[in-house]
Amino acid sequence: MTFRPASADPELCRLADVHGVAVTYLDQLRRPVEVAADSVIGVLGALGVDASSPDAVRMSLREAESAPPTPPVVVVRRSRGGSVSVGSAAMLRLEDGTHRTVSSDGGRVVLPPGLPLGWHVLETAEGEIPVVVAPDRLTARTHRQWGWMVQLYAMRSRESWGVGDLADLERLVRWTGQHAGGVVLVNPLHAVAPGVPVQPSPYFPASRRWTNPLYLRIE
């Protein structure tokens, strides 16, 4: 089968860009890699965008450019802010639970510079959109720091039910910070298959999108 890069099709590239799908990337050695057109078409299809033929690409492109789609998640730099296309007025719920009014301009909500770092939520009439505010750059530490590497299931407290839980982890993180610690490294906390018997190893997750409910503090 002949390899056909997506970058060879300008209209497919435009459609992919509108929907946030990359047609090139850098590998672990920082070398540019071309993504196959079939892969881009498949990803667009999973997003509900028909790119199965040149005519379908042109039709989807016209629809997308006349009404830009609302992204599933928005990532902005703290000093720059950004904007997002939405179909209604919106309110930004910050990570600490407080709300902030955001302005809109021509169907786009403007996220101002200087928002607090972290995961926030843009609340609209259509639903909620996660908003990630990232730092402009990460500065290397100027001095050595200490910390812990723990297996959460083994880090039990008097309150946990046989295995360490997320409340135990929170307590350890706070204690470490109070004593000038800089890092707490834990085992994977991803969800395992929801059935009996429960997979005993945290290194075989069923999903990396969710957390293993065994780590909940039920009380």
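At 43% relative accessibility, Arg 31 counts as partly exposed, and in this predicted model its side chain meets that of Asp 27 in a salt bridge with an N to O distance of 2.8 Å. Asp 27, by contrast, is buried, since its relative accessible area is 13% and the cut-off for burial is under 20%.

The count of salt bridges comes to 10, and three of these pairs are set out below.

| Pair | Closest N and O atoms |
|---|---|
| Arg 217 and Asp 168 | 2.9 Å |
| Asp 38 and Arg 4 | 3.9 Å |

Arg 217 and Asp 168 form a salt bridge; Arg 217 lies in the segment after strand E14 (207-211) and Asp 168 in helix H4 (residues 166-178), so this pair ties together parts that are 49 residues apart in sequence. Arg 217 is partly exposed, at 26% relative accessible area, whereas Asp 168 is buried at 5%. Salt bridges with shared partners also join Glu 11, Asp 55 and Arg 58 into one network.

Asp 38 forms a salt bridge with Arg 4, and because Asp 38 belongs to helix H2 while Arg 4 sits in the segment before H1, the pair links parts 34 residues apart in sequence. Asp 38 is exposed, with a relative accessible area of 52%, and Arg 4 is partly exposed at 43%.

Helix H2 (residues 37-46) also packs with helix H1 (residues 10-18), at an angle of about 40° and with the axes 11 Å apart, and the two are therefore oblique to each other. Their crossing is left-handed, and the contact is made by Leu 12, Leu 15 and Ala 16 of H1 together with Ala 37, Val 40, Ile 41 and Leu 44 of H2. By class, this contact has 7 nonpolar residues, with no polar and no charged ones.

Technical notes:
Residues numbered from 1 in each chain as written. Predicted model: local features only at pLDDT ≥ 70, side-chain atom pairs only at ≥ 80, totals over all residues. Heavy atoms only, no water. Axes fitted to C-alpha atoms, helices over the stretch in contact; angles between N-to-C directions. Helix = DSSP H or I, 4+ residues; strand = E, 2+ residues; numbered from the N terminus. Parallel < 35°, antiparallel > 145°, perpendicular 65-115°, else oblique. Left-handed = near helix turned anticlockwise from the far one by under 90°. Contact = heavy atoms within 4.5 Å. Nonpolar A, V, L, I, M, F, W, Y, C, P; charged D, E, K, R; others polar. Salt bridge = Lys/Arg side-chain N within 4 Å of Asp/Glu carboxyl O. Buried < 20%, exposed > 50% of the residue type's maximum accessible area, 1.4 Å probe, protein only.
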